[in-house]
Each structure stands twice: as C-alpha cells, then as structure tokens.
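Have a go at each task before reading its solution.

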Amino acid sequence: MNQPLKNKVAIVTGGSRGIGRAVVMRLAKLGCDVAFNYQSNAAAAMELENELKPFGGRVQSRQVDIKDFDAVKEWIAAVQKEFGRVDILVNNAGIIRDKALMMMSREDWDDVIQTNLSGAFHAARACVFAMMKQKSGVIVNMSSVSGVIGLPGQTNYSAAKGGMNAFTKALAKEVAGHGVRVNAVAPGFIETDMISKFSDEQKQAVNKQIPLGRIGSVEDVAHCVEFLVSDASRYLTGQIIVVDGGLAMKS
C-alpha cells in the first residue's frame, strides 16, 4: 500500500462522522498517525478507530468540547506528547443552527460562532507554535460555500465561515516564513446527515442549482484535503478552495 504521508501526525477536529470521518479515513490510508476528537458519539468514534487499524498507523480518539479553549489545549498537548509531534491540523468541527435572523436566538448565534470559528482558533493556537518550531506543518480549515457567497437562513454559519476564510488568510501570512502553510476548503452541498434528510424532490431542486448536476460526496472533500496536506501543494497557502460543483460560480 502506497502511504506517502507515513509517520506524519494528523489531528482532525470533529472526526467521528460526515466530512471529518472521511478525512480521518483518508489520512490514515495515506499513512498518518491520526488523533481526532468527537462531541458526544463515543460509539461512532470507537467504530472508526476499529476501521483504521488495518492501515497500520496509531490512532487516538477523545471526547473534547471544541468550544473549551483549555480542554482543546490539554488534548492537543497530550497528542503531541504521545505521538511526538504534529504535522497536520484539519479544523473540521462544526454545527449548524439554521434560522432566519429574526427568529435566531442568542444561543443559536453563540453556539455556531463558538464551535465553528472559535473552535478553529483553539486548535490552531494549540498546534501552531510546535509547527513553527519544527519549521513545517499544514493547517486546513473546513469552511463552506456559505462563507463565500452567504446563504439565507445561515447568517450565523455564514459569519463563522466567512470569519474562518479571513482567519485562514491572516494566519497564512503570519506563519509562512516559518514553513507552515494554511489553507481552507469550502464545500457546497455534500452528502452528509443533513442532506440525507432531504426528500427526493429537495435533492432534485439542489442538483438543478449545481452546474455539475450532483451533490458532492464526503470523499470529494477528503481528496481536496489530501492535496492540501501533501507536497503537491507545497507552493499553496492562504487559499480558499471551493469544492461545490460550481454552485458559487452561479451566484
């Protein structure tokens, strides 16, 4: 099995399901030792750990609230101590609380901003010094097409992901001189738990909005992450890669 990232250590936030799960699987197949956190579903995390065993790398999952700065710091310090280093961080943890602004509660706003945007800060803050010290490292932030074009009913989510895009560009400039690259992936409609709840009619309506004519798969996103953490993208930093089948292009 070709494993171009063998012996690299990757941390993935929100790695037990959806896009995060696909990213964890992809990085493990490429040879990474992988640590990921989850919010509450220990059974899903254990199931994923078992699926990763055939790839031969070390794997660790842990229940960590990404909104808790100190908890994230302690978790990532423990990963660095056990695995010896950190080469890759994928900031994937995220939630949605979609509502029109006039119906949105303060909790709807705060939870989305704290999870999606502050969570990325918490994990990056915990990793970046070690990456700068070793003069290498890659951070990939999971953004969204919602942060690029804005979507109605998602003022909180769009704000968080738009903030993540700006965070990506600013951090990329800060750490480029230390050999660390920072990029973001902005998925469009992807086959996840949320999309699975759509009716056939809703899916058909979505497909009509997408120039490529289909909803994306989690593997479509994971392959983009693979490119961004590999040497193939060694001259790429501060970029927002939109993986949406052309949706944003129509807007």
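The exercises below use this predicted model, and each comes with a worked solution.

**Exercise 1: a glutamate and its partners**

Task: Find E226, decide whether it is buried or exposed, and work out which residues it is in contact with, leaving aside its neighbours within four places in sequence.

Solution: 
- Begin with the location: E226 lies in helix α9, which covers residues 218-229.
- Next, check accessibility. The relative accessible area of E226 is 19%, and buried means under 20%, so E226 counts as buried.
- Now list the partners. With those sequence neighbours set aside, E226 is in contact with R26 and L30.
- Finally, look at the side chains: that of E226 makes a polar contact with that of R26, at 2.7 Å.

**Exercise 2: one side of a helix**

Task: Which residues of helix α2 are buried, and what covers them?

Solution: 
- Helix α2 spans residues 42-52, and its buried residues include A44, A45, L48, E49 and L52.
- Look down the axis: these residues cover an arc of only 140°, so they sit on the same side of α2.
- Then see what lies over them. The cover includes α1 (18-29), β2 (33-38) and β3 (59-63).

**Exercise 3: two helices crossing**

Task: At roughly what angle do the axes of α3 and α4 cross, and which residues meet there?

Solution: 
- Locate the pair: α3 is residues 69-83 and α4 is residues 106-134.
- Their axes come within 8 Å and cross at roughly 35°. The crossing of α3 past α4 is right-handed.
- From α3, the residues are F69, V72, K73, I76 and Q80. They meet F121, H122, A123, R125, A126, C127 and A130 of α4.
- Sorted by class, this contact has 8 nonpolar, 2 polar and 2 charged residues.

**Exercise 4: positive phi**

Task: Where are N7 and K135 found, and what is the phi of each?

Solution: 
- Recall the background: most residues other than glycine have a negative phi.
- N7 is in the segment before β1 (9-12), and its phi is positive, near 75°.
- K135 is in the loop between α4 and β5 (137-142). Its phi is also positive, about 60°, although K135 is not a glycine.

Definitions and conventions
Residues are numbered from 1 along each chain as its sequence is written. This is a predicted model: local features need pLDDT of at least 70, side-chain atom pairs count only at pLDDT 80 or more; totals for chains, interfaces and linings use all residues. Side-chain values use heavy atoms; hydrogens and water are left out. Helices (H or I, at least four residues) and strands (E, at least two) are DSSP runs, numbered from the N terminus. Buried means under 20% relative accessible area, exposed over 50%, partly exposed in between (1.4 Å probe, protein chains only). A polar contact is a pair of N or O atoms within 3.5 Å; within protein, one must be able to donate a hydrogen and the other to accept it, and residues adjacent in sequence count only if both atoms are side-chain atoms. Contact means heavy atoms within 4.5 Å. Axes are lines fitted to C-alpha atoms, for helices over the stretch in contact, and angles run from 0 to 180 degrees between N-to-C directions. A crossing is left-handed if the near helix is turned anticlockwise from the far one by less than a right angle, and right-handed if clockwise. Ala, Val, Leu, Ile, Met, Phe, Trp, Tyr, Cys and Pro count as nonpolar, Asp, Glu, Lys and Arg as charged, and the others, Gly among them, as polar. The arc is that of the directions from the helix axis to the C-beta atoms.
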